[in-house]
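Please keep the sequence at hand while reading.

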Amino acid sequence: LPLRPGALVYCRDPWIAWLLGSLRRRRVIFEAHGYPPSLLRSAAKRLSKIEYYIAISDGIKTLLCSCGLPADHIIVAPSATEPAKFYPMEQDIARQRLGLPPGPSAVYAGALEMRKGIGTLIEAARRLPQLLFYLVGGSEDQVADLRIRHRNLSNLHLVGHRPHSEIPYWLAAADVLVLPNSGRDNDAARWTSPLKLSEYAAACRPIVASDVPALRSQLDCGQARWFEADDASELAGCLAGLPARDEPSSTQQPPHSV
């Protein structure tokens with residue numbers, strides 16, 4: 001659609017932002033969202049005439065400033081959610097809705113990628129057989145691969161992708177929510193603003209998170225217990241304080257739908 005003179009344009013693509021910003025009487029706000037530093041540096045000179053920049057984390061603001069963009073025109077606006085959708089519900093109600101067995105559980109909801117710390121989380125599950133781990137998310141191929149490689153872990157349940165409307169039940173059902181971002185990936189450690197972080201906080205459940213700058217800067221210290229990123233032993237230690245679970249029936253399987 002044609003833009004009327006004076007229109008305010010909000011976009012995430014640096015080249016489109018530059019193109020629109022170069023047109024007369026076009027006000028552009030550019031959101032830097034997970035771009036590699038090399039791309040931002042190459043685009044920085046062209047982006048310098050844009051009115052304002054949105055950084056989803058303090059790390060991205062620092063990166064933009066290092067590219068020569070003015071700090072007073074950069075607004076940090078982390079990812080957020082609608083708290084009402086995740087307002088804490090009774091744990092028993094959530095577990096009954098999902099058909100989960102009794103006993104303490106740890107829940108992770110998000111992408112099943114190594115940079116998200118999935119390997120560390122699975123290794124922690126191996127060390128804590130008394131704790132049920134539910135990993136909610138991932139593609140069909142990722143889930144199938146992890147099920148094959150970790151088929152001997154009876155306490156690890158790969159739920160797979162679920163509708164977003166179901167996620168509040170998984171968060172409410174948990175005794176602890178885990179956010180294990182890897183410290184070996186700059187995006188996961190410094191620049192990200194995980195949507196799951198705001199959803200976890202809204203669910204009002206205990207959170208165990210890797211101690212990386214991106215999470216530290218966005219999560220109130222009183223809301224989380226921190227462990228050294230990529231350290232499965234320390235993560236297991238943080239989770240080990242949960243009470244021992246009642247053993248579920250051998251025929252009882254976690255559901256894949258609500």
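Ile29 has Tyr52 as its bridge partner in β3. The model is predicted: local features need pLDDT of at least 70 and side-chain atom pairs count only at pLDDT 80 or more, whereas totals for chains, interfaces and linings use all residues. Residues are numbered from 1 along each chain as its sequence is written, and side-chain values use heavy atoms, with hydrogens and water left out.

**Strand pairing**
- Strands β2 (residues 27-32) and β3 (residues 52-55) run parallel and are joined by 4 bridges; strands (E, at least two residues) and helices (H or I, at least four) are DSSP runs, numbered from the N terminus.
- Strand β3 also pairs with β4 (residues 74-76), in the parallel sense, over 3 bridges; pairing requires at least two DSSP bridges between two strands.
- In β4, Ile75 is the bridge partner of Ile54.

**Crossover**
- A right-handed β-α-β unit is made by β3, helix α3 (residues 58-66) and β4; right-handed denotes a clockwise path from the first strand over the helix to the second, with the strands pointing away from the viewer.

**Helix packing**
- The axes of α5 (residues 118-127) and α11 (residues 232-239) lie 8 Å apart at an angle of about 60°; axes are lines fitted to C-alpha atoms, for helices over the stretch in contact, and angles run from 0 to 180 degrees between N-to-C directions.
- Thr120, Leu121, Glu123, Ala124 and Arg127 of α5 meet Ala232, Ser233, Leu235 and Ala236 of α11, contact being heavy atoms within 4.5 Å.
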